[in-house]
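Please load the model in your viewer and keep the selection tool at hand.

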Amino acid sequence: GQVGTAVWSDWFPLDLLKTKRPSIEDSSIEGTMAQGEWITFMGNFRNCEAESCQFQWYRRNPKPTNSKSDQRRTSSQIRNQSSQFIPIRGANSFKYQLEADDINCEIRCQVTPKSIKTPAGFQQFGDSVTLSPPSKVTESIAPILKEVSVVGVPFHDAQFQAVHSNPLDRIDYQWEKINPNGNVLSVKTGEDHLQPTLDDVGSRLAVSCTVKEEGETNFKKVFSSQTYPIKLS
């Protein structure tokens with residue numbers, strides 16, 4: 001009989017048969033669209049994890065006008081005027097902190113779902129998802145206040161001082177007492193220090209700081225951790 005010629009197909013990684021195609025559903029961008037704030041891409045990651053996906057944030061600068069806001073635009077924004085969305089260098093995570101160059105700009109995030117690598121190093125890619133928040137980026141809505149702590153020795157005749165990371169004006173202080181039953185009572189407002197009394201023995205103290213710009217209604221409140229229970233000296 002006639003001898004045939006064997007024909008081999010291209011090599012196929014069997015690991016891919018075990019890997020389902022990744023996708024992202026119910027996606028959204030959460031956060032405040034203001035300078036200094038963090039915005040986050042949220043979604044239901046199927047057959048993948050956020051850490052394995054490919055992220056890229058973009059900005060599109062507005063067309064120049066004679067408005068006061070345009071007069072305050074940075075030189076970087078002016079150089080990058082474009083009707084297209086431009087990739088933001090280094091913005092490759094599921095979250096992004098808005099900066100000065102983003103003011104008055106539109107923001108967009110493109111995410112390509114990628115499955116976790118198999119032991120052999122193979123990976124599947126899904127359809128990219130592109131989202132833009134409905135509003136443009138505004139200037140900072142409030143001075144940045146990141147952390148507040150209470151300094152002092154936990155005795156009834158000692159003085160406690162509220163210390164925050166950014167020394168800013170127009171800060172409202174609210175001291176609270178947390179008794180052993182967990183009930184929270186207002187103790188004192190308006191000052192950055194507190195002198196405990198005998199009534200505070202056995203309770204813990206905490207302070208919240210609210211910072212507000214003059215003439216603005218936006219504010220940010222930061223809470224401290226609780227002190228140790230107050231003791232008799």
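Select phenylalanine 41 first: with a relative accessible area of 2%, this residue is buried (under 20% relative accessible area; exposed means over 50%, partly exposed in between; 1.4 Å probe, protein chains only). The model is predicted, so local features need pLDDT of at least 70 and side-chain atom pairs count only at pLDDT 80 or more, while totals for chains, interfaces and linings use all residues. Residues are numbered from 1 along each chain as its sequence is written, and side-chain values use heavy atoms, without hydrogens and water.

Rings of Phe, Tyr and Trp (its six-membered ring) pair if their centres lie within 6.5 Å; planes under 30 degrees apart count as stacked, over 60 as edge-to-face and the rest as tilted. Include Phe55 as well: ring pairs link Phe41, Phe45 and Phe55 into a cluster.

Next, select tryptophan 57 and tyrosine 96, a stacked pair at 5.8 Å centre to centre with 25 degrees between the planes. Tryptophan 57 belongs to strand 3 (residues 54-60) and tyrosine 96 to strand 5, so the pair ties together parts that are 39 residues apart in sequence. Strands are DSSP runs (E, at least two residues), numbered from the N terminus. Tryptophan 57 is buried at 0% relative accessibility, and tyrosine 96 is buried at 6%.

Finally, display strand 2 (residues 38-46) with strand 5: three bridges join these antiparallel strands, where pairing requires at least two DSSP bridges. Threonine 40 stands opposite lysine 95 in strand 5.

Note on methods
Helix = DSSP H or I, 4+ residues; strand = E, 2+ residues; numbered from the N terminus.
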